[in-house]
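Open the model in your viewer and keep the selection panel at hand. The tour goes stop by stop.

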Amino acid sequence: MTTSPLRHRSAPTAPTRPSVEGPQDDIFDLDPADLTVVRARHPWRWVAAIGALILVAMFINGLITNPGWDWSTFGQYFTAPAVIKALGLTIQLTIYGTVLGFALGVGLAAARLSKNPVLQTISWTYVWAFRSIPLIVQLLFWFNIAYLYQTLSVGVPFGPSFVTIDVNNAISGMAAATLGLGLHQAAYSAEIIRAGILSVDQGQLEAAAALGIPKRRQFFKIVLPQAMRGILPNAANEVISLFKGTSIVSTMAIAELFYQVQVIYGRSGRVVPLLMVATVWYIVLTTILSVIQYYVERHYAKGALRNLPLTPWQKLQRRLSTINAARQEATYGGLK
Amino acid sequence: MTTPSPAVQVRGVHKSFGALHVLRGVELTVRRGEVTAILGPSGSGKSTLLRTLNHLEKVDAGLILVDGEPVGYRLKGRKLHELHEREVLQQRSKVGFVFQDFNLFPHLTVLDNVVEAPVSALRRDRKEVQAEARELLSSVGVADKIDAYPRQLSGGQQQRVAIARALALHPAVILFDEPTSALDPELVGEVLEVIRQLALQGRTLIIVTHEIGFAREVADTVVFMDEGVVVEQGPPSQVLDNPQQERTKAFIAKVL
């Protein structure tokens with residue numbers, strides 16, 4: 001396509017050069033500018049891609065044509081008020097669990113990294129205990145907490161109490177679920193945050209200390225922003241797995257998304273389309289969380305990379321503008 | 001005052017890391033406005049000594065006075081009371097420290113790196129500090145990089161920013177821990193030039209270095225350390241050209 005105009009001519013500056021035609025030419029006599037590159041062909045890449053595309057097409061065909069998927073029922077329930085309400089509850093549980101989990105997690109991580117051996121041990125023990133107990137067992141404990149403690153009192157330790165609350169009234173199913181999810185989450189968040197803080201170069205702390213920057217400021221302005229780069233991917237994993245993990249509280253008859261679709265298919269018997277309703281909602285929200293994660297990570301990448309890579313959106317824009325430029329060029333060239 | 005108090009005085013300082021006895025009774029006095037170069041083989045305790053001067057390392061025995069105050073302690077009667085971390089941090093802002101590998105904060109711009117400590121440690125007005133930081137940055141020759149992030153700079157530029165960052169606190173003394181050891185050879189000169197300018201301004205500098213030529217040119221006093229003690233000290237002409245101690249002679253012969 002891009003044949004050099006000089007291709008079949010001998011260079012004007014060297015009239016005594018031997019001919020450049022023919023395969024036996026000595027490579028040392030050739031001018032690199034006269035050579036054209038023939039790209040290597042990759043036929044097996046094409047075969048593999050076509051094979052994979054056929055499988056994908058078969059799968060999509062099955063989704064559309066197999067009546068078992070029952071897309072009309074899916075459409076009927078996907079945005080049904082009961083499902084949307086249950087989705088709201090799922091999101092609520094995720095938010096509460098995340099906030100409680102990470103707030104407690106920061107405290108536990110700080111305790112573990114502190115110089116106070118008592119706090120260190122308590123933090124370690126907490127993580128050990130809550131990582132050892134399966135989430136569902138823990139949730140059932142919280143659900144049955146009134147069996148162990150009938151009342152909750154605020155007062156002097158081992159002394160008189162000022163306020164007493166009936167546990168059965170105070171800890172509803174929702175509160176038990178939130179506590180269970182949050183406390184479970186805290187153990188994992190604590191380790192993730194601790195890992196992030198440990199990953200910050202010791203020299204950063206020394207520099208901050210040498211400059212006399214106050215301790216709190218060192219943590220929030222110097223250490224944490226750098227730790228965030230390590231914390232974020234793992235934290236996002238945790239939030240997403242918590243979001244899907246809320247389905248476990250369906251065992252306690254809390255009307256979150258998964259419980260609600262179970263109730264509906266229990267009545268109608270249409271199991272597959274209703275499972276798809278839940279599945280698609282889980283996918284949609286996980287996708288949104290992933291996009292948020294991408295941009296938050298980008299924010300904390302400032303300074304860590306020499307230059308930030310383009311976002312997919314910026315890449316698309318750039319691609320389109322180069323295609324446009326190429327098209328204009330082609331039109332212009334054609335006219336000429 | 002007829003004889004001003006020394007900027008730094010080190011008396012009988014010992015420091016061990018586990019079984020390793022790194023400093024074995026160091027004695028050193030640095031007068032105000034003087035440039036002191038500390039030389040010595042690796043493992044001789046030079047860097048450790050420098051780090052004890054601003055309490056990045058706590059000493060096991062002995063006393064260090066900076067600007068007439070005991071570092072890390074408060075003297076009451078004949079008792080040294082350990083300072084709280086907050087007070088140690090306050091004290092440190094009087095001592096500038098320039099690290100071998102710069103340790104700039106990578107997530108902050110060049111300007112914010114310089115502005116951070118005067119604002120948060122000395123509680124000075126941000127606007128005022130920013131104006132001063134711009135001047136400092138242009139005096140070390142990185143005026144055009146103010147909004148860049150450290151990783152976008154060359155090693156020499158980063159170290160010059162680190163020097164500006166230390167200067168912003170108006171320290172009584174500035175410590176340099178092998179400031180050019182992490183630099184490519186062609187970048188060493190630009191950093192040494194900045195330090196030379198500081199020396200000409202009459203600042204008190206203590207420089208741990210391997211650049212013998214630079215020490216000879218800039219230092220008022222050369223200190224030779226080996227195995228945790230000061231072996232020999234004096235003007236460069238004496239210590240470098242006419243060393244009295246065998247260990248000093250051996251070292252100078254090896255590096256020159």
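**Stop 1: a helix pair in chain A**

The crossing of α3(A) and α10(A) is right-handed. Bear in mind that this is a predicted model.

To see the crossing, select residues 81-113 of chain A for helix α3, then residues 215-245 of chain A for helix α10. Their axes lie 9 Å apart, and the packing angle is about 140°. Are these helices parallel, antiparallel, perpendicular or oblique to each other? Angles over 145 degrees would count as roughly antiparallel. At about 140°, α3(A) and α10(A) are therefore oblique.

Now show side chains where the two helices meet. On α3(A), pick A:Thr94, A:Gly97 and A:Thr98. Across from them, on α10(A), pick A:Val239, A:Leu242 and A:Phe243. Colour this contact by residue class: three residues are nonpolar, three are polar and none is charged.

**Stop 2: chain A as a whole**

Zoom out and select chain A. Its secondary structure comprises 13 helices and two strands. Along the principal axes, the C-alpha atoms of chain A fill a box of roughly 110 × 70 × 35 Å. The radius of gyration of chain A is 32 Å, whereas a compact globule of 336 residues would have one near 20 Å.

**Stop 3: where the chains touch**

Display both chains and select the contact residues. There are 19 on chain A, and they meet 25 on chain B. Stay on the chain A side. Helix α9 (202-210) and helix α10 of chain A each supply at least two residues to the side that touches chain B. Which helix gives the most? It is α9(A), with six residues. Colour by class again: this side of chain A has nine nonpolar, five polar and five charged residues.

**Stop 4: chain B as a whole**

Hide chain A and select chain B. Chain B contains nine helices and twelve strands. Its radius of gyration is 18 Å, close to the 18 Å that the globule rule gives for 256 residues, so chain B is as compact as a globular protein of that length. The C-alpha atoms of chain B fill a box of roughly 50 × 50 × 45 Å along the principal axes.

**Stop 5: the six-stranded sheet**

Select the strands of chain B in the order β8-β9-β10-β3-β11-β12. These six form an open sheet with mixed pairing. Go to its edges: β8 (95-98) and β12 (229-234) of chain B each pair on one side only. On average, neighbouring strands are turned by 20° against each other, direction ignored.

Next, select residues 173-177 of chain B for β9 and residues 205-208 of chain B for β10. These two strands run parallel, and four bridges join them.

**Stop 6: the four-stranded sheet**

Finish with an open sheet of chain B in the order β2-β1-β4-β5. Its pairing is antiparallel. Highlight β2 (20-30) and β5 (69-70) of chain B at the edges. Each has a single partner strand, so one side of each is left without a neighbour in the sheet.

Now select residues 61-66 of chain B for β4. β4 of chain B pairs with β5(B) in the antiparallel sense, over two bridges.

Note on methods. Residues numbered from 1 in each chain as written. Chains lettered and ligands numbered in written order. Predicted model: local features only at pLDDT ≥ 70, side-chain atom pairs only at ≥ 80, totals over all residues. Axes fitted to C-alpha atoms, helices over the stretch in contact; angles between N-to-C directions. Parallel < 35°, antiparallel > 145°, perpendicular 65-115°, else oblique. Left-handed = near helix turned anticlockwise from the far one by under 90°. Contact = placed C-beta atoms within 7 Å. Nonpolar A, V, L, I, M, F, W, Y, C, P; charged D, E, K, R; others polar. Pairing = 2+ DSSP bridges. Rg over C-alpha atoms; globule rule 2.2 N^0.38 Å.
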